[in-house]
Amino acid sequence: MEQLTPKAAAERLLKRVEKPGRYTGGEFGQIIKDKSQVKARFAFCFPDTYEIGMSNLGVRILYGAINQHPDFWCERAYAPWIDMEEQLRKYNIPLYAHESGDALRDFDFVGFTLQYELCYTNVLNVLDLAGIPLLSSQRGEDMPIVIGGGPCTYNAEPVADFFDVFSIGEGEEALPEIMRLYVNMKEAGTYTRAAFLHEAAKLDGFYVPSLYDVSYNEDGTVKAYTPRYDDIPTRITKRIIRDMDKAYYPDKFVMPYIETVHDRIILETYRGCIRGCRFCQAGMVYRPIREKSVETLDRQARALYESTGYDEISLSSLSISDYSKIDGLCDTLLQWTDAAKVNLSLPSMRLDSFTKELMDKISTVRTAGLTFAPEAGTQRLRDAINKNVCEEDLLRACRVAFEAGKNQVKLYFMLGLPTETDEDIEGIAVLAKHVVDTYYDVYRGVKGRKAPTVTISVSCFIPKPFTAFQWEAQNTLPRLLEKQQYLRSKINDPKIKYNYHDAEVCRLEAVFARGDRRLSKALALAHEKGVRFDSWEEFFNYNQWMAILDQCGLDPSFYADREFGEDEILPWDIIDCGVSKAFLLRERHNAYQSTTNRNCAEQCTNCGANKLGGERTWCSRSL
Amino acid sequence: MVQPIPVRAKFFKVGMLQYISHLDLVRTMTRNLVRAKIPAWYSQGFNPRLKLTFSLPLSIGTQSECEFFDIRLTEPMAFDEIKRRINETLTDEMQVVDVYTSEKKFSDIGWAEYELKLTSPNLPENAAESLANLYTNPLVLTKRSKTGDKDVDIAPFIDLRECVQTAEGVTIRALLSADSANYLNPEYLIKAADQKLGIRFDDPFSEYYTIMRREVYLSDRVTVFR
């Protein structure tokens, strides 16, 4: 074979694969630097397809934040689809980064964003395709530092053996910091992998799993995490950006040629969530709330419009209507977006805040149906999960939509929530029926109207770390399947469309969400057996996974459908996300009483996250 | 409102961008024009769209030195300025080479000239001669179309201009029919070489080919389309 960069070699394969645009790189807005001027190179890998990875806001932010530094170069990489993987393996071409086309193993850092548990096997496959040893302990001095970040790192124990270090919390400042440490140690001649990881463990917000020994009790629960050095923290506190107005935000995006999942301007309005739903991890781990000002958002939106030419701006957050100046923001943006023929979309709207005025301003309403998330079928259960919406809110929101001419509504629910009874399940069907009735109420006596479609999309409850329900058992698989069928039997209106998630997928997710380090063994074995793309229906194989866990002597029930003890040391206790365990416990017990709690805008509930500080936050007692 | 001013741009699309499909090109070019702040005319109506029309779609795996798109301007702008602005929104592998007032319609296009470079150490002896023979005699292939597979003699759609042996393999230069009723994808020349002469491209590192669209002509095969 001639001497080609891995990417140039891969180009010869592009006529043989589907969607070759996934592998070409060369997009407008990509950042190319002179290798000789660069002191540390970072390959940012998204362990799923290009279309999904290119849509991720976190990657876009961190790509820009690292590349702001003239002597750092951040590039992108994605998991190749199976047809490309087959070709790369056949011709022995190592996985490469899109910008330079250089092999990942030649980088200083290879970073993975861990967005969902079922991407773990893809991480291993990417490492393998890159020719990087899977286990941190097997990597030699010439190998990149493998670093992980993203929501799953709040309990990254199942992948602890494969990562050299995790970045806990927000990475805009943290990643350049650890890269600077690397460069400084290289220049001072003090760099070895071991010395570097020891130093990294002393930086705020970095967790080096190999420097903490885990011991277990006889019943399999965690006994202790023991740091190997006295000078590294016993718990790792997550990093946050204190002032979102001063935080780095990209003023341009890499512009994909092929269609991606979110092919539009994403404008992050604030971090955190005031709500405190008891099942929701995002609502806890991103606290405290920190808003950007309307002026900052307007400036960022204008800059991105000029540099991208996109015709849609999506206002991103966990719950957009909770942004304190949402009306002012919409009005400010609408001053120029209408003339520029740019649509605004507000994707995460709470149904209690959905008004006609707001709806008239946004484009999602013009084009698609509406989606709301009541999550549970009865008021009692909605109170238990602290959702704080009631049936009247939903019916009023639907009425607004129907009056505007919509005839499709989608509703999200969860099955298997703690304290759920048959009545709660039946309540989902009843609620959907009431929505159908509302439609006919609006159009009573009007001839020639289309029939409405109410789609109910039902997932299964997954207990997640750092939630009030982190101790709860997931329903067993047979029980979940039974509940899904029970709900089906209660739906007898053809205008109600019933979709439900694969319970087997939800169970495996629960295993990894609350898993410990022993699961690394199962992941390694799964990789050996060729498992990847678990989050893709066509590749998910539950029975194979059960066999793998069994072969490793691991019991999925221990992780998924066991109630964890309140005094038990949890695998994720090594991480401090700001919100205290005492608060989560209080909330757990509030749930049993079906007692709701206030949201941050109303009253501080002492969750503990305000100890991290923050500007433009709701917290009353910020430091 | 003043009458929108029609403008044509000629551009090339080469290198890695040969793997970007026609549909993806159309979608991204709209954004490029917005980014370039070209005063482009939008269709009127409930959902206004930037009016943008392309000439012959290019299939994935074919590069081109002569692609065209038409837009309309809501206010005058110097052609050089349009070219400069658009090019700033593009990468090296796709650049506008000319902007002008068009005189011909896309439907006037009759033929397109392609250069195919076949690289392989395993070509049969006298490959150039055999290929030239193949492309200048009746050549029946199964052609896929919307209405199903059909056996078609593609020879009338091929006007072979050159077929020569090179150090690496064979270079073919041919005009292929490009009117909308009889558009011949240059890949059929490769397919014919495989089916009739057993010329295969199995090993991507020693046996491969490139296709470049070089020029576009009217139906007289002489007048260059612009």
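The model is predicted: local features require pLDDT of at least 70, side-chain atom pairs count only at pLDDT 80 or more, and totals for chains, interfaces and linings use all residues. Residues are numbered from 1 along each chain as its sequence is written, while chains are lettered from A and ligands numbered from 1 in the order in which they are written.

**Sheets of chain A**

Helices (H or I, at least four residues) and strands (E, at least two) are taken as DSSP runs and numbered from the N terminus. Two strands count as paired if DSSP finds at least two bridges between them. Strands of a sheet pair through backbone hydrogen bonds, either parallel or antiparallel.

One open sheet of chain A contains six strands in the order β2-β1-β3-β4-β5-β6, and its pairing is mixed. Its edges are β2 (72–78) and β6 (206–207) of chain A; each has a single partner strand, so one side of each is left without a neighbour in the sheet. Helix α3 (residues 57–67) of chain A lies across β1, β2 and β3 of chain A and runs at about 155 degrees to β2(A). For such angles, axes are lines fitted to C-alpha atoms, for helices over the stretch in contact, and values run from 0 to 180 degrees between N-to-C directions.

A further open sheet is formed by three strands of chain A in the order β10-β13-β14, with parallel pairing. Here the edge strands are β10 (265–268) and β14 (343–345) of chain A, each of which pairs on one side only. From one strand to the next, the twist averages 25 degrees.

| Strand pair | Bridges | Direction |
|---|---|---|
| β1 (residues 40–46) and β3 (residues 109–113), chain A | four bridges | parallel |
| β10 and β13 (residues 312–316), chain A | four bridges | parallel |

A:Ser293 is located in the loop between β12 (290–291) and α9 (294–308) of chain A. The residue is partly exposed, with 15 other C-beta atoms within 10 Å; on this scale 20 or more means buried, 12 or fewer exposed, and partly exposed lies in between, with C-beta atoms placed from the backbone. Beyond its neighbours within four places in sequence, A:Ser293 is in contact with A:Asp245 and A:Arg616, contact being defined by C-beta atoms, placed from the backbone, that lie within 7 Å. The C-alpha atoms of A:Ser293 and A:Cys619 are separated by 16 Å, although these residues are 326 residues apart along the chain.

By an automatic or database domain assignment, chain B is divided into domain 1 (5–102) and domain 2 (107–218). The contact between them takes ten residues from domain 1 of chain B and 13 residues from domain 2 of chain B.

Helix α3 (residues 127–135) and helix α4 (residues 187–197) of chain B pack at an angle of about 110 degrees, their axes 11 Å apart. That makes α3(B) roughly perpendicular to α4(B), a class covering 65 to 115 degrees.

The contact between the chains takes 22 residues from chain B and 21 residues from chain A. On the chain B side, helix α1 (residues 22–35) of chain B supplies the largest share, seven residues.

How values were computed. Two residues are in contact if their C-beta atoms, placed from the backbone, lie within 7 Å. Angles under 35 degrees count as roughly parallel, over 145 as roughly antiparallel, 65 to 115 as roughly perpendicular and the rest as oblique.
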